[in-house]
Amino acid sequence: MSGTHAPTAEPSYLVDTGTRTGVMAWLTTTDHKRIGLLYLYSMMTFFFVGVGIGVVMRLVQLTTFQKLVTAQTYNALFTVHGVIMIFLFVVPGLPAIFGNFFLPILIGAKDVSFPRLNLASWYFFIAGAILAVLSLFTGGGAPDTGWTFYAPFSLKTGTNVSLAVFAAFVLGFSSMLTGINFITTIHRLRAPGMQWFRMPLMCWALYSTAWIQLLATPIVAITLLLVILERFFGIGIFDPAKGGDPLLYQHLFWIYSHPAVYIMILPAMGAISEILPTFAKRPIFGYKAIAYSSMSIAGVGSLVWAHHMFTSGMSSVATMVFSLLTMIVAVPSAIKVFNWVSTLYKGSIDFQPPLLFALTFIFLFCIGGLTGVMQGALALNVHIHDTYFIVGHFHYVMFGGTGMALFAALLYWFPKMFGKMYSKKAIYASWFPMFIGFNMLYFGMMILGMMGMPRRYYVHLPQFHTMHVIATVGSWLLVLGLVMFFAALIYATFKGEKAEDNPWGGVTLEWTIPSPPPLENFDVIPTITRGPYHFEQEEHR
Amino acid sequence: MNETLHSHEAHIEHPGYGTFIGVWLLLLLLTGCLVGLSHVSQSYAVWGLLTLTPLKAGLVFYYFMHLKYEGPVFKVVVLVTLGTLLIFFALLFSDVAFR
């Protein structure tokens, strides 16, 4: 791939060059890199609020702290924890941060197709977040339905469900607009010679994600509007007392929300596909298989939604159909894992912090994925549905998967984004409490689920207490690791050593431009003559 | 220039009022059929809605929304979208029809 260095005299995107300076320059920016950072800062803030709520929920399960919150507040806590973590952290997730920052650079463009729409997306995101926060303190108080807002309870409860679902509706616009922007950017702004199969795999992941964002989000948006209409006008579409069908709500909700799981995980997989070749110093194994698997995950993953509803009372024909489809979606995910492992095989491994977190992703995602396949089996699902096993499973996928991949991506691209290098020792030190605490917490939850502990319960029976204590201590270790991790990165932002342009020896386009990148990325748009992962040629140079 | 030519060609192919009125009358007839079927029984009403409504939507797409005069790309995009919707309906019916 022939890249071109922008002249070092070109100021970086972090320098205000327009008519506005300071905070106003950031709030009115249309630069994709700055918008990526706006998402990073806002999402990390929400993430730590979500973590704080999670820790309080764990403390409630210790008898000593039982008086900390009431049962009603506990219901509000798990709802708000879910809403924040799903809608404000993992759904925007990697596309909003790294997609915005790196997609144009990876395809050799100066920006996304619609820069102003990109900024509007961030404002929709913030507006949705503000509405979500307002819903906690206005009306009947924080919603107590769980993040899924299941009917008919969400139609009847006196808590402020209407504003909370409207917040999710607004957040959906942010997601859809980002999707449109990324699809158009990939179709129209690829550099000369950047054919589809010369794109880095992160772009394929973002492309398949963008299609899900665009096609699935309107369904949940309309569904949530129907909930509001039902609450205000009693239209009766989901209310069984009026001839409505509460299962229809679950269908419509999961038609979006299961593909949303892939919105969360596909870009994470894309980042891993960038990191592994760089640190194995060899081309990714099975490039086309990984690219196609991203698209097939997006496709087949949109057809498995009702596996969330096996115990809801839907027909046995549907349970069998969706059980089969669920098994099928495991295939493209497995293709990726096998290809990642094959990439590492006989590679010239350069063990660095991003690789450590990428390997952690693979390990934890495999546990999360395989326990997901378990639940696809009807006979097992009916026993563990709505238990702590489910909570443990999806935290392995969402946090162990998307979360760890986000951390890996942050470590990988941090030197490029900020032009600073972090302390590798501090990151390694943070990994140990994070990894041990994570497994104590979420594997502990899976054991609790197998023992029969239901999810969302304020109190528990004595036989579950020991595992609850282990899980809670794990949550403390996990938080310790997170604090160490982010402290190291924040310190590096201010006091870190200057990073090289290409500290890891990467071969994709972002490593051909200065760190941090100049405002328009490339002074001359590069011409691409080969695929993205050609390390052999690098050695011959 | 190409766009101008394209819109000019589309203008030439623009159907007369007769076609529009004919399609409109057909739509009215189909609506009448649907209303009639809904009075026969609920299953007739459901199957009527499932078959005649897409036909009505297709006529609107084809004539009133000018899909007939668009290039193959537009037609494929609309077909893929409707196909996707059909798959969702089919999967939903695996529940509703056998509950």
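**Close-up views of a predicted model**

**Figure 1. Asn521(A) is found in the loop between E2 and H17 of chain A.** Here E marks strands (at least two residues) and H marks helices (H or I, at least four); both are DSSP runs, numbered from the N terminus. Residues are numbered from 1 along each chain as its sequence is written, while chains are lettered from A and ligands numbered from 1 in the order in which they are written. What you see is a predicted model: local features need pLDDT of at least 70, side-chain atom pairs count only at pLDDT 80 or more, and totals for chains, interfaces and linings use all residues. Asn521(A) isn't a glycine, yet its phi is positive, at about 70°. Asn521(A) counts as buried, because 25 C-beta neighbours sit inside 10 Å. The cut-offs are 20 or more other C-beta atoms within 10 Å for buried, 12 or fewer for exposed, and anything in between for partly exposed, with C-beta atoms placed from the backbone. The loop between strand E2 (497-498) and helix H17 (535-540) is also the place of Pro516(A). Look at the peptide bond joining Ser515(A) and Pro516(A): it's cis, with omega about -10°.

**Figure 2. Arg456(A) is another non-glycine residue with a positive phi, about 65°.** Most residues other than glycine have a negative phi, and most peptide bonds are trans. Arg456(A) lies in the loop of chain A that runs between helix H15 (424-451) and helix H16 (465-495). With 14 C-beta neighbours inside 10 Å, Arg456(A) comes out as partly exposed.

**Figure 3. Ala151(A) and Pro152(A) are joined by a cis peptide bond.** Omega for this bond is about 5°. Pro152(A) belongs to the loop between helix H5 (115-137) and helix H6 (153-156) of chain A. Ala151(A) is among the residues in contact with Tyr249(A), leaving aside neighbours within four places in sequence; the others are Tyr150(A), Thr223(A) and Phe238(A). A contact means that two C-beta atoms, placed from the backbone, lie within 7 Å. Tyr249(A) itself is part of helix H9 (residues 246-280), and it counts as buried because 25 other C-beta atoms lie within 10 Å. From Tyr249(A) to Thr148(A) it's 101 residues in sequence and 10.0 Å in space, C-alpha to C-alpha.

Figure 4. Gly128(A) and Ala164(A) are 36 residues apart in sequence, and their C-alpha atoms are 9.0 Å apart in space.

**Figure 5. Helix H14 (residues 388-418) has a kink of about 45° at Tyr412(A).** The bend is the angle between axes fitted to the seven residues ending there and the seven starting there. The kink comes shortly before the proline Pro415(A). H14(A) is mostly covered, with 31 of its 31 residues buried. Gly419(A) follows H14(A) and has a positive phi, near 70°.

**Figure 6. Ile272(A) sits in the largest nonpolar core, which has 168 residues.** A nonpolar core is a set of buried Ala, Val, Leu, Ile, Met, Phe, Trp, Tyr and Cys residues joined through C-beta atoms within 7 Å. Cys203(A), Ala271(A), Ile272(A), Ala405(A), Ala408(A) and Ala409(A) touch the most other members. Beyond its neighbours within four places in sequence, Ile272(A) contacts Trp340(A), Ala358(A), Phe361(A), Ala405(A) and Ala408(A).

**Figure 7. Chain B meets chain A through eight residues, which are in contact with nine residues of chain A.** On the chain B side there are five nonpolar, one polar and two charged residues. (Ala, Val, Leu, Ile, Met, Phe, Trp, Tyr, Cys and Pro count as nonpolar, Asp, Glu, Lys and Arg as charged, and the others, Gly among them, as polar.)

**Figure 8. Confidence in chain A is lowest in H17(A), at a mean of 59, and highest in H15(A), at 98.** Residues 1-7 of chain A have pLDDT below 50, and this stretch has 26 contacts in the model beyond near neighbours in sequence. pLDDT is the predictor's confidence in each residue, from 0 to 100. Chain A averages 93, and 97% of its residues score at least 70.
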